[in-house]
Amino acid sequence: MPKRTDLKSILIIGSGPIVIGQACEFDYSGTQACKALKALGYRVVLINSNPATIMTDPGVADATYIEPLTLDFVERVIARERPDAILPTVGGQTGLNLAMELHARGVLAKYAVELIGAKPEAIALAEDRELFKKAMDEIGAKCARADVATTVAEAEAIARDIGMPAVIRPSYTLGGAGGGIAYNMDELREIVAQGLDLSPTRQVLVEESVLGWKEFELEVIRDLADNVVIICSIENVDPMGVHTGDSITVAPAQTLTDVEYQALRDLSIAIIRKIGVETGGSNVQFAVSPFNGEIRVIEMNPRVSRSSALASKATGFPIAKIAAQLAVGLTLDELKNDITRVTPACFEPAIDYTIVKIPRWNFEKFSGASKQLGTSMKSVGEVMGIGRTIDEALGKAIASLEGGFAEASKWTQAELRERAVAATPDRLPAIFESLRRGVSVDDIHATTRIDPWFLDRFAAMVEAEKALAAELRESPALSHDRLRAAKRAGLSDARIGAIAGLTEKAITERREAMGLDPVYKRVDTCAAEFESHTPYLYSAYEEEDEAGDSPSDRVIILGNGPNRIGQGLEFDYACCHAAFAVRELGLTSVMVNCNPETVSTDYDTSDKLYFEPVTAEHVRGVVRRENPRGTILQFGGQTPLKLSHRVGTVLGTSPEAIDICEDRRRFNALMIELGIRQPDGEMVNTKEESFAAAARLGFPLLVRPSYVLGGRAMKICFDDSDFKGAVDEAILVSDNHPLLVDRFLEGAVEYDVDALCDLEQVHICGVMEHIEEAGIHSGDSTTVYPAIQLSTENRAEMEDIVRRIALRVGVLGLVNVQFAVQAGVVYVIEVNPRASRTVPYLAKATGHPIAAIATKLVLGKKLKEFLPMPPWGAGYSFVKAPVFPWRRFPGVDTVLGPEMRSTGEVMGVGHSFGEAYAKALIAAGLSLPTQGGVFMSFRDLDKNEAPPIARALVDMGFRLYATRGTAQVLLQAGIAVERVWKVREGRPDVVDRIKNGDIQLIINTPLGKKAQYDEAAMRLAGLRYGVPCVANLQAAKALPEALAALKRGEMGVVKLQDLG
């Protein structure tokens, strides 16, 4: 069929900020869809609140709106742009839910907009638990026994009927949010109450448990001619009971018989037809009994999903791109496979390798959070390993985790058993260590219900370790054959070194001296049946190399590895721009990364893609194979910087300059040399030195390790007990580098400055101001550009400092400098000799392709060739706000500090700071009130600042509630306020008021340890009941302006392309 000519303009709804359950994979899918539809001649309109994505660059869509993903803002975009259709299936659950809300509220009918890809009826049939179950019954597909509940009482009655344990699955939620497994009625009531709160339809499915059954997913794609193909089968290593996003997964499925696979294939095709997904990709999940092969349908996602991204990277088949093309009328037989260029898209991919995905968790960021995994997803990212065998693929995936794989050798036998039985991030390390200690596969299977086939493969890897150790006992000189066998068994050089008592570097050098280098194989969709035209590569210890050569000089770009808190999508954005810029200069761009969710690992982002761990061993292998002009480190965050001395020629800021900035002692010496002010502090290496420094400096103190990511182990300490715990943790993560103990600048305002340098000239890209005061990690701070309270003198001093540091250190490319201003005095906090997480936000706010320019400087261009940069965004304010995963970790306090805990970010664009700030808060998920009650509780240090804030709120019609001390200050200022009891002072207390619906907004600046319990209880009650909480003075000062803008209803939508 030809493409549809009745459609001219298509709106794509993005997925919003990176959150648990909805991460970089939708940047990847949305970007593919935009590019595909533009290539077909359609005008593409995009709405997405996330500034960190490639998708929201002005050049990707024809009209780009970085606006909150709410019904009101989407309707405003529709009213302005008048699209003919909406593609809702590439924006995750957010895009799907918004499309359904637009349909239900009559917006689609009002503006005559058609949903393409999946009609409202199909979405409802797949997402509504009761309708889906009925549809499955009609085609004879068995689901687990279940019923739908809309109240806790109904859920209890269903559970009594089907028995315990019971699985709770809310409708229309993301990543299993609000779901769980209830083993008793108390747990059921708690999980159901949360699930009903989070479900847009206040509906949960109470389902019989199939815990211990095997779990499979099939990626299915369908066109308007009813052609259906299976793209990939995926098997979860963990049995049922663990969300697939938190499970180790393997593709293709390994333990199905052919009869079982064909049954799942037939069911998947029947299901997509029954649900009525007319075009595009869907994901169908099954449970299969390991005892008799019985099959149960778990659920279906009528859209591109997290697993779709994994399946795309596993097979090379661009699911999101094809889905977009099918949505406008093309059919699978008409579309050519990009990789082979001769086979049509209706050829089901065939693969002659194995992939393993392992999730990446960040539980260390959420003190007190349970590590127990269940049906609600908790991982923040994932890695993928590709190998000729599952052993190789698993070994690479483990190597890719970068600190995400626990060291189990010191665990006791009891600890090993406990950690193997429970589904936690420690399960796989515990299984490997148990096998090393002689625990049988049968025993591990009995306690974990993991299929024996997988356990046998793990055991084979352990046997390879033992064979290696046995040979080393006979002779310290490893033989070529034994080392090759170890590599083919998936053992990294670091693991081999640990067994041999040698460093990773020593093993790598010995292996290379033997001539034992990997070869590189292609991911080609067809198991080498046809020629591949896209060098999408992975390493193997075999004979034939398929990497191919390039006519132009190669430039290697190191990616950022798995998405995690502190190093996420912002760095992938920079890596992609680097790849585009290298290609633009006529060179061959070579990407190395191991993250299956991202645009950087799309096969057409770079000229050559090596899907490999970003480790010294694997990067060195690529360098030896490619013999590049050099390697660019500065765009992938902290991960590549650690490899600066192991990758040969570094393009950009030198390894020596990187060390000066990253090593706290050398950096401190540089600041003294340049006469640049820092907070008073001392470098320490031991606990004894730390306590001596604390005694000299006095509290409060800030403890900071070297070479860490996302503020890891940074702590503000107010007394000796705080300090002791902070130092213990900082020493643990600092890897023998010194710690910095410095005076904490209370009440200071922080600033980020990004700059470009070509060794001769420095260009200040922008000065960004944090709304929160100093002490909150820059990644967790709300940020405004242009700065709103920075004096001309302080700005000039900052810019001068940045220029002096960049030229003295020898920055080539990007540099980020963080400042604090206290009482008009400027202090340097730290210098990052790389792209920072603010780069995509600042690029959107200034209209300047900062990462691309930096790449060109690295490759020899001069800044003067890009100056002056054209004006952009005059008269607008741009506010970046963080997004937090609090609901995924019940009971964890929401107060922020110097260790980063946000998973993503949003941006608000407005004609005033208030408008932009309000948009950012709404986009971050806060339900800002325009009327009702505001609770206020300020610490003594802040109380004098309370009256102006309170008066502004009263003038807008809000009722005020306050604790005794704050109420007294407000009453003395002549402001009406009702006093409220603190927790444990009397009843009804502030938590009761929140639960009773009296309070719509909380402003609470924390009082410290003495009020920790009361304040935590209040903030958690606010979280539970959807009441926004502002927990610092600067944000409280900014809030009235945001609420006033919201109340006036003056917020329009801004097209990025209109800002230049």
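These legends describe close-up views of one predicted model. Local features need pLDDT of at least 70, side-chain atom pairs count only at pLDDT 80 or more, and totals for chains, interfaces and linings use all residues. Residues are numbered from 1 along each chain as its sequence is written, and side-chain values use heavy atoms, without hydrogens and water.

**View 1. Helix α1 crosses helix α10.** The axes of α1 (residues 25–39) and α10 (residues 306–315) come within 9 Å and cross at roughly 70 degrees. The two helices are therefore roughly perpendicular (65 to 115 degrees). Axes are lines fitted to C-alpha atoms over the stretch in contact, with angles from 0 to 180 degrees between N-to-C directions. Helices are DSSP runs (H or I) of at least four residues, and strands (E) of at least two, numbered from the N terminus. Glu-25, Phe-26 and Tyr-28 in α1 meet Arg-306, Ala-309, Ser-312 and Lys-313 in α10 (heavy atoms within 4.5 Å).

**View 2. Phe-363 and Phe-889 form an aromatic pair.** Their rings sit 5.8 Å centre to centre, with 85 degrees between the planes. That is edge-to-face (ring centres within 6.5 Å, planes over 60 degrees apart). Phe-363 lies in the loop between β15 and β16, and Phe-889 in the loop between β33 and β34, so the pair ties together parts 526 residues apart in sequence. Both Phe-363 and Phe-889 are buried (under 20% relative accessible area, 1.4 Å probe, protein chains only).

**View 3. Cys-34 is in no disulfide.** A search of the whole structure finds zero disulfides (cysteine sulfur atoms within 2.5 Å). For Cys-34, the nearest cysteine sulfur, that of Cys-576, is 14 Å away. Cys-34 is buried, with a relative accessible area of 0%.

Technical notes
Parallel < 35°, antiparallel > 145°, perpendicular 65-115°, else oblique. Buried < 20%, exposed > 50% of the residue type's maximum accessible area, 1.4 Å probe, protein only. Phe/Tyr/Trp six-rings, centres within 6.5 Å; stacked < 30°, edge-to-face > 60°.
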